[in-house]
Amino acid sequence: MKFPNHVIHRRHRRHRGSRTFMDGAAATTAIKFVRDRGLDHAVEREKNLRPLLSVKNLIKSEPSKSLPISIIAQNKDTLKIPSRPIEFIRKYPSVFHEFLPGGIGIHPHIKLTQEVFDIDADEHLVYESDSYRQLVANRLLKLLMISRMNKIPINILDKLKWDLGLPQNYLKTLVPDFPDCFRVVGSNESGQLELVCRSDELAVSILEKKAMEGGSGYSKGMPLAFPVKFSKGFEMDKKVKKWWDDWQKLPYVSPYENALHLSPKTDESDKWAAAVLHEILNLFVAKKAERDDVLCIGEYLGIRSRFKRVLLHHPHIFYLSSKIGTYTVVLKEAYKRGLLIENNPLMNIRNRYLHLMHTVKEHGKDISMSTGTNQEKKAASNASKKEAGDDDSEEENNGLSVTFSGSETENGGRRGSREAVAVSRRTTTRSKRKNGDLKTHLGDGERERAMGRRHSRTKPKVPQPLNASTNVHRRSQQRSSS
């Protein structure tokens, strides 16, 4: 049977899906990127945490729990240290301690402070707990079910190890304990992690789970809208708003379903790709990851170009930050005022490391130096209070402890931190000067009185004013003498 041409074209369009508005360069001009300071801060505050913990693990692996700086310098690229190793080490004196072994003049050695060992012990307890191990196993299982081949190369998992919260040697310490879920196929270098048994209970996305728990009567295939957060200053014209509303009303295809039959350049395909990216970011500990790592897993899934288009079209779902010299994809709904909403045991440990990184010793007491311009305000406020009549002891003045929390860049934060410490020192100096000036003033008064007494002994007599009779007497004496 031969169909008319218009019927053939109609069926072809139905199979392809439809693109209603956002196509090609239209997306670039119609959707304006707006920076989110809170999310930029969430990315920036962890800038050096990853290389710092890599150095920490390297030092801890040594029997002596110390390493010469030359060994760290040799592994700079592997550890991803962003600057000269010695400068990086000296930047965090609360984490690393530099010393010369035996007091001889050789290369300095680096060891960890006791505070680091305390946090590391708690971190080890988290990794070893049954609840966390099951949580990580579920993440791997869900990621394998998203993969169309139900396999993921080990080298890709190594790239995502930080984001997934995997233990250091997860192939030996974690994978063998879950033989009913997954297994390693091939060698560790070129091998793959393979799915053993699919779990229908876990093959439910976070959006579907929330919709089912909300009592909305949701069932698979129904429209499901993504939660969005518009950054301050974001504007959307009517044409884009109409497209966005229509896009949200499209049927939601689960990321655990194979939807590669959809044509790549359609809104239906983009919504499925957004669902896949949304679910993967929800599997990550911090609900964010570097864009290169996201595109790497996207390339393995065969939807790299769709991921790039989703990031371009939907900045109100996936925020792209460029604060640390690279692009980072952040799931916007997972953060509130720059802080991660979900309570995660591993993130709690990482936050403790971050706090220690920004803590310095000042006169034997801890001063926590986080980033942000609020530091200067607090320091200035404390300084003004002390100048107004603060009668604290000199020990308290010398060991001022201030904790800051802001949302500016790290460089700016360090400037603010140094200025805050400088303000506290200037306050102490001024208070000392006030006491010194007071003593000096009192001393000057005593000296003036003493000088006055000495002057009174040899003080010349001041002539008294003359009256009229005295003047007449003097004139008569002058005449008689002449």
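**Helices, sheets and rings**

Colleague: Which residues in α15 meet which in α17?

Modeller: On the α15 side they are Ser269, Asp270, Trp272, Ala273, Ala274, Val276, Leu277 and Ile280, and in α17 they meet Arg306, Phe307, Arg309, Val310, Leu311 and His313. Contact here means heavy atoms within 4.5 Å. By class, that contact has nine nonpolar, two polar and three charged residues. Nonpolar covers Ala, Val, Leu, Ile, Met, Phe, Trp, Tyr, Cys and Pro, charged covers Asp, Glu, Lys and Arg, and the others, including Gly, are polar.

Colleague: Before we go on, what kind of model is this?

Modeller: A predicted model, where local features need pLDDT of at least 70 and side-chain atom pairs count only at pLDDT 80 or more, while totals for chains, interfaces and linings use all residues. Residues are numbered from 1 along each chain as its sequence is written, and side-chain values use heavy atoms, with hydrogens and water left out.

Colleague: Good. At roughly what angle do the axes of α15 and α17 cross?

Modeller: Roughly 90°, with the axes of α15 (residues 267-283) and α17 (residues 304-313) coming within 9 Å. That makes α15 roughly perpendicular to α17. The perpendicular class runs from 65 to 115 degrees; under 35 is roughly parallel, over 145 roughly antiparallel, and the rest oblique. Axes are lines fitted to C-alpha atoms, for helices over the stretch in contact, and angles go from 0 to 180 degrees between N-to-C directions.

Colleague: What about α4 and α18, how do their axes cross?

Modeller: At roughly 95°, where α4 (residues 49-60) and α18 (residues 345-357) have axes that come within 11 Å. Leu49, Leu52, Leu53 and Lys56 of α4 meet Arg350, Tyr353, Leu354 and Met357 of α18. The classes there are six nonpolar, no polar and two charged residues.

Colleague: Which strands does α4 lie across?

Modeller: β1, β2 and β3, and α4 runs at about 100° to β3. Those three strands form an open antiparallel sheet in the order β1-β3-β2. Two strands pair if DSSP finds at least two bridges between them. β1 (66-68) and β2 (96-99) are at the edges with a single partner strand each, so one side of each has no neighbour in the sheet. The twist averages 30° from one strand to the next.

Colleague: How many bridges join β2 and β3?

Modeller: Four, in the antiparallel sense, with β3 spanning residues 109-112. His97 stands opposite Lys111 in β3.

Colleague: And in what order do β4, β5 and β6 sit in their sheet?

Modeller: The order is β4-β6-β5, again an open sheet with antiparallel pairing. β4 and β5 hold the edges, each with a single partner strand, so one side of each is left without a neighbour in the sheet. Three bridges pair β4 (residues 151-153) with β6 (residues 192-195). Within that pairing, Lys151 stands opposite Glu194, and Pro153 has Gln192 as its bridge partner. Four bridges join β5 (residues 182-185) to β6, and Val184 stands opposite Leu193. Helix α9 (residues 130-146) lies across β4, β5 and β6, at about 85° to β6.

Colleague: Changing topic: how many aromatic pairs are in the whole structure?

Modeller: Seven. Rings of Phe, Tyr and Trp (its six-membered ring) pair if their centres lie within 6.5 Å; planes under 30 degrees apart are stacked, over 60 edge-to-face, and the rest tilted. Phe178 and Phe182 form a tilted pair, 6.2 Å centre to centre with 50° between the planes.

Colleague: How far apart are the ring centres of Trp243 and Trp247?

Modeller: 6.4 Å, and the planes are at 35°, so this pair is tilted. Trp243 and Trp247 are four residues apart in α14 (residues 238-248), which means about one helical turn separates them. Trp243 is buried at 3% relative accessibility, and Trp247 is buried at 1%. Ring pairs link Phe226, Trp243, Trp244, Trp247 and Tyr252 into a cluster.

Colleague: Last one: how many helices and strands are there in the protein?

Modeller: There are 22 helices and 13 strands; they are DSSP runs (H or I, at least four residues; E, at least two), numbered from the N terminus. Of the 482 residues, 42% count as buried.

Note on methods: Buried means under 20% relative accessible area, exposed over 50%, partly exposed in between (1.4 Å probe, protein chains only).
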